[in-house]
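Hi,

Here is the structure I promised to pass on.

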Amino acid sequence: MLTKASEAPAQARTVTVGTASAAPGEVVRGVIPVTELAGGTKVEIPLVVVNGVKPGPVFWVDGAIHGDEPEGPLACQIALREVDPQRLAGTLVMVPVLNVLAFEAANRGNPGDTFSFDMNRIYPGRADGYLSERVAWAHSQWMSEVADFEISIHSGGAHSYLAKAIFVDETPASVELALAMGEGWGNIMSNFLPKGSPMAQMKAIGKTGITVELGGRSATGPEAFAHVGRELANSILNILRHYKMYPGEAVYPSPRYKGQQEALLAPASGIFIPEPGTKFLTLMKKGDPIATIRNVFGDEMGKLVAPADGLIFGLRALPNVNTGDWCCFYCKVEGTRD
């Protein structure tokens, strides 16, 4: 089980992450220094420490380990405005943008670092590694030392839209944290042996982290993007309430499923056309149609169908596809969670 506020030390303490050092009741911004580029630009990871006046655990939130996923930074902005340290037990640490160079390029990874392009595959990195590995390493040293539990916020980025989805390692603590995400977060899939991610690092050191997904390319219009940010910020607040770190009653998802992810790839090239009425997070039967691929003249070239009983939680945003392109993320439902 995760550390609850009632199990914490008797007095609140000063919490330091990178250059930010927050006494009880303070909100302090800072950075985790990494290195300097050839032109003199500093590479550093921005963060904020919201330190409560009462003792409690440290909840750590990571955004934008992929630079084309701005939903995490937006959620952190909202939560920062709304979490009052005078009402907080414990500490909320938020890293809005982990992969700064990728974020500035609006790219999944740092375009200048092709050897370790995807930071969510090489985490916790290496102190003497490629640049992205060094950024990951600097972050992991502080997170590993300070955080009690962590969520890493992802989305479909530039290529797709993902509905609410969570990956857990199936330990009781990780499932508890997933359920604390709140309403609508009942698509909880197994990742028993995570690798290369903050979630994997937390597991390796005996702590708890989960990966959450929401948003992406087809939800970046003004209203849709604001809605996604609001939903994710609601989850940050709900987690604080679940662990008795903040006033208010937590809410929980219903129904909530246990399952495995499967990526569905294009069997042919053409235009990807989802079936009319296709809905995210809605139970389907094995063999139910998902989409048809047609050539430029409208001839049917291939079909995607449900590989098992389950639900869709991700679809590509660009209709044009080539054989083997990613098309759909599907959760093969194995049962429900009590």
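Residues are numbered from 1 along each chain as its sequence is written, and side-chain values use heavy atoms, with hydrogens and water left out. Bear in mind that this is a predicted model: local features need pLDDT of at least 70, side-chain atom pairs count only at pLDDT 80 or more, and totals for chains, interfaces and linings use all residues.

Let me start with the largest pocket. Helix 3, strand 8 (160–168), strand 10 (208–216) and strand 11 (257–265) each give at least two residues to its lining. The search ran on a 1 Å grid over the protein atoms alone: a pocket is an open set of points with protein on both sides within 12 Å along at least five of seven lines, a cavity is a set where a 1.4 Å probe fits but cannot get out, and lining residues have an atom within 4 Å of a point. The largest pocket holds about 510 Å³ of space, where a volume is the space filled by probe spheres set on the points, and grid points are joined across faces, edges and corners. It has 22 lining residues, and those nearest its centre are Asn 120, Arg 121, Phe 167, Glu 213 and Gln 261. Sorted by class, that lining comes to five nonpolar, 12 polar and five charged residues. For the classes, Ala, Val, Leu, Ile, Met, Phe, Trp, Tyr, Cys and Pro count as nonpolar, Asp, Glu, Lys and Arg as charged, and the others, Gly among them, as polar.

There is also one cavity of 30 Å³ or more. The largest cavity has about 60 Å³ of space. It is lined by 12 residues, with Ala 12, Arg 13, Pro 55, Gly 56 and Thr 91 closest to its centre. Strand 5 and strand 6 (89–95) each put at least two residues into this lining, and strand 5 gives the most, with three.

Now the aromatics. Seven aromatic pairs turn up in a search of the whole structure; rings of Phe, Tyr and Trp (its six-membered ring) pair if their centres lie within 6.5 Å, and planes under 30 degrees apart count as stacked, over 60 as edge-to-face and the rest as tilted. Phe 59 and Phe 149 are a stacked pair, with 5.3 Å centre to centre and 20 degrees between the planes. This pair links distant parts of the chain: Phe 59 is in strand 5 (residues 54–63) and Phe 149 in strand 7 (residues 149–154), 90 residues apart. Phe 59 counts as buried because its relative accessibility is 0%, and Phe 149 is buried at 0% too (buried means under 20% relative accessible area, exposed over 50%, partly exposed in between, with a 1.4 Å probe and protein chains only).

Phe 115 and Tyr 130 are stacked as well, at 4.9 Å centre to centre with 10 degrees between the planes. Phe 115 sits in the loop between helix 2 (100–104) and helix 3 (119–122), and Tyr 130 in the loop between helix 3 and helix 4 (131–146), 15 residues apart. Phe 115 is exposed at 66% relative accessibility, while Tyr 130 is partly exposed at 38%. Separately, Phe 167, Phe 313, Trp 326 and Phe 329 make up one aromatic cluster.

Next, a serine to look at. Ser 235 lies in helix 7 (residues 222–242) and is buried, because its relative accessibility is 1%. Its side chain reaches the backbone oxygen of Met 181 at 2.7 Å. Leaving out residues up to four places away in sequence, Ser 235 touches Ala 180, Met 181 and Trp 185 (contact means heavy atoms within 4.5 Å).

Last, some backbone geometry. Most residues other than glycine have a negative phi, and most peptide bonds are trans. Tyr 123 and Pro 124 are joined by a cis peptide bond, with omega about 10 degrees, and Pro 124 is in the loop between helix 3 and helix 4. Another cis peptide bond joins Ser 254 and Pro 255, with omega about 0 degrees. Lys 244 has a positive phi of about 60 degrees, and Lys 244 is exposed at 59% relative accessibility.

Cheers

Note on methods
Helix = DSSP H or I, 4+ residues; strand = E, 2+ residues; numbered from the N terminus. Polar contact = N/O pair within 3.5 Å; in protein donor to acceptor, adjacent residues only side chain to side chain.
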